[in-house]
Amino acid sequence: MPNELNELINNAINLAKTHDPSSRVRENAELFIKIHIVPIDAFIEFTNGGIRVKINVEGGLIIKEALTLIGDIKPCRARLKEEHSQLLNPYLNYEMKLLTMFRGYLLCGDVLNYLIWAYDQVMGRHLVSELVSRGVKGRSIIKMLNELFNAITCNLVNYVLGSKAHADHELIGNILKDLRNSTLILLRLNDDCTYAGLY
């Protein structure tokens with residue numbers, strides 16, 4: 001990986017060591033971060049005839065530009081308080097930036113959020129400062145970033161699966177606009193881990 005990504009990963013490890021709610025993750029932060037950054041071809045096989053998911057998952061969503069290639073993921077419900085919904089677009093900008101920087105890799109949502117937090121520190125702490133100004137501090141920051149990740153994932157899944165009444169159309173438009181010449185991959189391994197990546 002390029003040096004700037006390694007530096008970002010190291011900063012994410014330090015944040016996980018300090019701020020993760022789980023003592024197990026804090027004690028094993030380096031392993032936790034690094035094993036959840038996976039080359040896409042370890043989980044997905046692209047062939048002339050299509051796409052094959054090589055691991056057991058609860059469901060997947062793979063979108064190329066605006067075309068759904070795989071959509072066997074269950075609809076979900078975002079649990080984001082209304083007062084935090086204004087943070088979805090700033091969060092989405094960081095999420096798409098990080099997925100672009102880590103193109104070719106799948107990132108577990110928790111790890112993506114530590115990378116977003118590390119990137120936010122480099123960029124002037126705008127997102128985390130906004131969370132702190134709303135009373136979100138310490139170990140609650142990663143929980144709130146996870147809620148934002150889940151809200152965006154649920155919006156996209158529900159929209160693609162036809163549950164458009166439960167999707168923020170502006171947010172979906174921003175996601176699909178960013179997918180020009182890219183394939184977005186979401187793989188839900190279980191309730192605690194959804195991987196996201198761009199190919």
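Thr153 touches Leu186 and Thr194, leaving aside residues up to four places away in sequence. This is a predicted model. Thr153 sits in helix α8, which runs over residues 140-160. Its relative accessibility is 5%. Buried means under 20%, so Thr153 counts as buried.

The wider fold comes next. The protein holds nine helices and eight strands. Of its contacts with a separation of 6 or more, 66% join residues 24 or more positions apart. Buried residues account for 45% of the 199 residues.

Overall dimensions can be set against a simple rule. A compact globule of 199 residues would have a radius of gyration near 16 Å, and the protein has 16 Å, so the two agree. The C-alpha trace spans about 45 × 35 × 25 Å along the principal axes of the protein.

The table gathers values for the whole protein.

| Property | Value |
|---|---|
| Radius of gyration of the protein | 16 Å |
| Span of the C-alpha trace along the principal axes | about 45 × 35 × 25 Å |
| Accessible surface of the protein | about 10200 Å² |
| Distance between the centres of positive and negative side chains | 1 Å |

Now the surface and the charges. Carbon and sulfur atoms contribute 46% of the accessible surface, which comes to about 10200 Å². The protein carries 22 positive and 22 negative side chains. The centres of these two sets lie 1 Å apart.

Notes. Residues are numbered from 1 along each chain as its sequence is written. This is a predicted model: local features need pLDDT of at least 70, side-chain atom pairs count only at pLDDT 80 or more; totals for chains, interfaces and linings use all residues. Side-chain values use heavy atoms; hydrogens and water are left out. Helices (H or I, at least four residues) and strands (E, at least two) are DSSP runs, numbered from the N terminus. The radius of gyration is taken over C-alpha atoms; the globule rule is 2.2 Å times the number of residues to the power 0.38. Buried means under 20% relative accessible area, exposed over 50%, partly exposed in between (1.4 Å probe, protein chains only). Contact means heavy atoms within 4.5 Å. Accessible areas come from the Shrake-Rupley method with a 1.4 Å probe; for residues, only the protein chains shown count as cover. Lys and Arg count as positive and Asp and Glu as negative; His and the chain ends are not counted. The place of a charge is taken as NZ of Lys, CZ of Arg, CG of Asp or CD of Glu.
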